[in-house]
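Reader: Hello! I would like to take a close look at one part of this protein. Could you walk me through it slowly?

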Amino acid sequence: MPLSSSLTRPLLNPRKIACFSATLGLLFFLLSALIALLLVAQHRANNHDKLAKRSQDYVQNLFDELKQNLLPLQTLPHLSCDAVKDTLTRHTAVNENIQTIWLVDNNQAWCSSTTDEMQQDIHRLSPETDTRKAIDIRLVAATPLAPEKPALELWLKGDEAGKGVLVTLGINLTPYLLYTAGQHEINGMAIITGDKAITSWEQRFVSSHSLPANPLRTIMLPGYPFQLAIYGDRLSVGDINIVLLVGLLLGLTGGFSSLLVMTQYWRPGREILQGIRRGEFHVEYQPVIAAVSGDVCGLEALLRWTHPVAGAIPPDSFIRYAENKNLIVPLTRHLFELVARDCHELRHEIPAGTGLNLNLSPAHLSDKEFYHDVTRWLEAMPQNHFSYVFEITERTMVETRNAQDIFDWLRSKNIRIALDDFGTGHSALIYLEKFRFDYLKIDRGFVKNIARESFTSPVLDAVLALAKKLNLHTVAEGVETGEQARWLRHRGVCHFQGFLFSRPRTVAQLIEYFQRPPAPVES
Ligand code: C2E
Ligand code: CA
Ligand code: CA
């Protein structure tokens, strides 16, 4: 697996991002559809209110006008019908809704727009009309003029009991339906008087109880004993389509934006910088043990990254990843900061002169700010307490051109240099010849093979002999057993580092380690 992918895998899992984005898209869809639904419903409700108001005004005007025009008729002198009939006929001609007008006196219809002189009991003419009321409105199934069509009978009481005007009005809901045609969700209306109703979808009389429940709006007319009910859907099909379209558009936008942002934003490169800002890094320290005395003579600082989502990320992965993404310089600067902060705390617990080993990366060594960074770090550290060692791998050497100048400068600052992971590369011997080191760290790959006292390793023997000849201190890494420690001590290795003595420790664990040292390891 390429190095970078070992880091990116836990962070940049495309399936996770896709799932998250899809869920977010769905949420966006639901949320925006809901908001659009509420807005459209509100808009529709406003329209229905306006429509109800306009209908109310329209019908109110209609009846007010009728009242105004017809009521004076009851004051016509009760002479002969011929004398007033023209007036009645004129009124029916002028108002298209009026079918017939009767003049009533003493509850007797004595003249109408369609007949001559007459004498008919009003209660026979319109059995349900209550002449005691100032205004009464009744629905009738048919009239003599239009036997097929239901009509409204309007009674307008005059200034005496049993005196007034009775009018039959043809009901034509077509203009109303045309008027509401712009509102696609309106599909009918009903006129209701008492327990009778006439609807726009059925041109006959129905019981008001058989009308659909929950009309969109019910309109009362103050002063007139009847109601108008408007029927329809609260939302039209077009409205639902708009809501779905808005939801879909915003859902897709949200989902894709999340996909875009997450793939950009969760790039591990950025994550590292973000991790620095958010304080996700800390340093653990692994004791370095003097082989002969068994005392702690140094500490190796090892960087740790606890990512909030991916958890602990192996340093091998994120260090190399940071190197590849040109982020090792800010990361090492951060390491310097963390170590300086920790050491101010540790210096009270740790004997003066203890070695402090830091791992340095090639890219930082070659960086023009390197000297400046190291100088600042040295200033930030507790003064005259730790002795510093920078660990540099063979890989580091390959990529650093002016290594000798850098080493000389570091030594001038009392920083010694260790060649780390010795034996894992191909050209280590050349570097040993070319540069002067203070320590040689024998890679744990060599150490782990040491299984018993009688173990032989010509290569390791040669390495140790070489180190002796070059006057280098040796540190054996990854010492896990007493046999390994004995074997190495027997061959003159100066320092040990490994789980046999201690795993890397947090500051708190290290303080405890120094306050209550563990029993000496049998080795
Ligand atoms: P390294 O410099 O060789 O560090 C020693 C590694 O060996 C550490 O692994 C340590 O936990 C592990 N180790 C110590 N004793 C034993 C043992 O007895 N058995 C076994 N199996 N392992 C042992 P860690 O902390 O995972 O670090 C891995 C590598 O990451 C380091 O190898 C070093 O190359 C790099 N690294 C860690 N911190 C830093 C840093 O601050 N800067 C740079 N540039 N590299 C770092
Ligand atoms: Ca090291
Ligand atoms: Ca090493």
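Which residues are the protein donors of the calcium ion (ligand 2)?

Author: A word on the model before the site itself. This is a predicted model in which local features need pLDDT of at least 70 and side-chain atom pairs count only at pLDDT 80 or more, while totals for chains, interfaces and linings use all residues. Residues are numbered from 1 along each chain as its sequence is written, chains are lettered from A and ligands numbered from 1 in the order in which they are written, and side-chain values use heavy atoms, leaving out hydrogens and water.

Now to your ion. Its protein donors are Glu300 (OE), Asn359 (OD1), Glu391 (OE) and Asp420 (OD), at 2.0 to 2.4 Å from the calcium ion (ligand 2). Donors here are N, O and S atoms within 2.8 Å of the metal (3.2 Å for Na, K and Ca); water is not among the atoms, so sites may look incomplete. Along the sequence, these donor residues follow the spacing E-x58-N-x31-E-x28-D. Glu391 belongs to strand β16 (residues 387-393) and Asp420 to strand β17 (residues 415-422), so this pair ties together parts that are 29 residues apart in sequence. Strands (E, at least two residues) and helices (H or I, at least four) are DSSP runs, numbered from the N terminus. Both Glu391 and Asp420 are buried, a word that means under 20% relative accessible area (1.4 Å probe, protein chains only).

Asp420 also leads us to a neighbouring ion. It bridges the calcium ion (ligand 2) and the calcium ion (ligand 3), which lie 3.9 Å apart. Asp420 in strand β17 and Glu477 in the loop between β19 (473-476) and α17 (482-490) are 57 residues apart, and the pair links distant parts of the chain. Asp420 has a relative accessible area of 4%, and Glu477 is buried too, at 9%.

Finally, ligand 1. An oxygen atom of ligand 1 is 3.1 Å from an N or O atom in the side chain of Asp420. Another side chain to look at is Arg444, with a polar atom 2.7 Å from an oxygen atom of ligand 1. Ser361 has a side-chain N or O atom 3.2 Å from a nitrogen atom of ligand 1. Around ligand 1, β13 (296-307), α8 (315-324) and β17 each supply at least two residues of the shell, and β13 gives the most, with 4 residues.

Key: Buried < 20%, exposed > 50% of the residue type's maximum accessible area, 1.4 Å probe, protein only. Polar contact = N/O pair within 3.5 Å; in protein donor to acceptor, adjacent residues only side chain to side chain.
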